[in-house]
Amino acid sequence: MINLTPTELERYSRQMMLPNFGEAAQKRLKSATVLVTGVGGLGGTAALYLAVAGVGRLILVRGGDLRLDDMNRQVLMTDDWVGKPRVFKAKETLQAINPDIQIETIHDYITPDNVDSLVQSADMALDCAHNFTERDLLNTACVRWRKPMVEAAMDGMEAYLTTIVPGVTPCLSCIFPEKPEWDRRGFSVLGAVSGTLACLTALEAIKLITGFSQPLLSQLLTIDLNRMEFAKRRLYRDRSCPVCGNNAPWRYAQSNSMETSSNCTHS
């Protein structure tokens, strides 16, 4: 069993005071590898809270360079980095905040060529990409390799969040067989909105890894921050889903428990 150093015991002492958390949960965080896609206002901020919580290894995936219009929400960035690959700055910032964790960077988008190897190298994924092309690729790979995925997206003042566990919950294709209209570049965004959703996304991942509290399984949390309205909607698996349904090419047996690595559990 992995051990915590004296520095780590002090760094994480406040969260280890939580009921059902303690050193056992902290050790699970340290042992975990989390893949974060779309490291921007949502994915970057979620990665920040995973880093300060003590997730042992982060794999950050994001292509493209930092733009000036990213700076209203991408809290890992600095103004002097505009025009440079943002994923490298994300690592630099996170490593400065918590030097006890490992961070790997992939300066690329999720593609058919890299998605399977990336998913296989992690215990779970955070889906924070800006389009459904990447989201669908990640969802399919997570179902194929039976890796849980926290699905989070926003547009304007609205957002949604759910946790997908292959064989237990509906997958992204079940939830969105037709893609939302916001699936485009140039969406409107207020930094505090992406930050709010990012914190909830990181919390879902922490719950899933540690098992100290119940994540959003088969429930879609919808958020309207114009009205400060939060609602949970029950989700159902589509038995004919081309990704996770009965006739999917990688069909697997149904399970009443999470079928993934020993680092990720749910209560």
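An axis here is a line fitted to C-alpha atoms, for helices over the stretch in contact, and angles run from 0 to 180 degrees between N-to-C directions. Helices (H or I, at least four residues) are DSSP runs, numbered from the N terminus. This is a predicted model: local features need pLDDT of at least 70, side-chain atom pairs count only at pLDDT 80 or more, and totals for chains, interfaces and linings use all residues. Residues are numbered from 1 along each chain as its sequence is written, and side-chain values use heavy atoms, without hydrogens and water.

Start with H3 and H8. Their axes come within 8 Å and cross at roughly 45 degrees. That angle makes H3 oblique to H8, since angles under 35 degrees count as roughly parallel, over 145 as roughly antiparallel, 65 to 115 as roughly perpendicular and the rest as oblique.

Which residues of H3 make the contact? They are Thr-45, Ala-46, Tyr-49, Leu-50 and Ala-53 (contact means heavy atoms within 4.5 Å). On the H8 side, the residues include Gly-195, Cys-199 and Ile-206. By class, the contact has nine nonpolar, three polar and no charged residues. Ala, Val, Leu, Ile, Met, Phe, Trp, Tyr, Cys and Pro count as nonpolar, Asp, Glu, Lys and Arg as charged, and the others, Gly among them, as polar.

Now look at the lining of the second largest pocket. A pocket is an open set of points on a 1 Å grid over the protein atoms alone, where a 1.4 Å probe fits, with protein on both sides within 12 Å along at least five of seven lines; lining residues have an atom within 4 Å of a point. Among the lining residues are Gln-15, Tyr-49, Ala-53, Cys-199 and Ile-206. H8 gives the largest share, four residues. By class, the lining has eleven nonpolar, one polar and no charged residues.

Terms used:
Helices (H or I, at least four residues) and strands (E, at least two) are DSSP runs, numbered from the N terminus.
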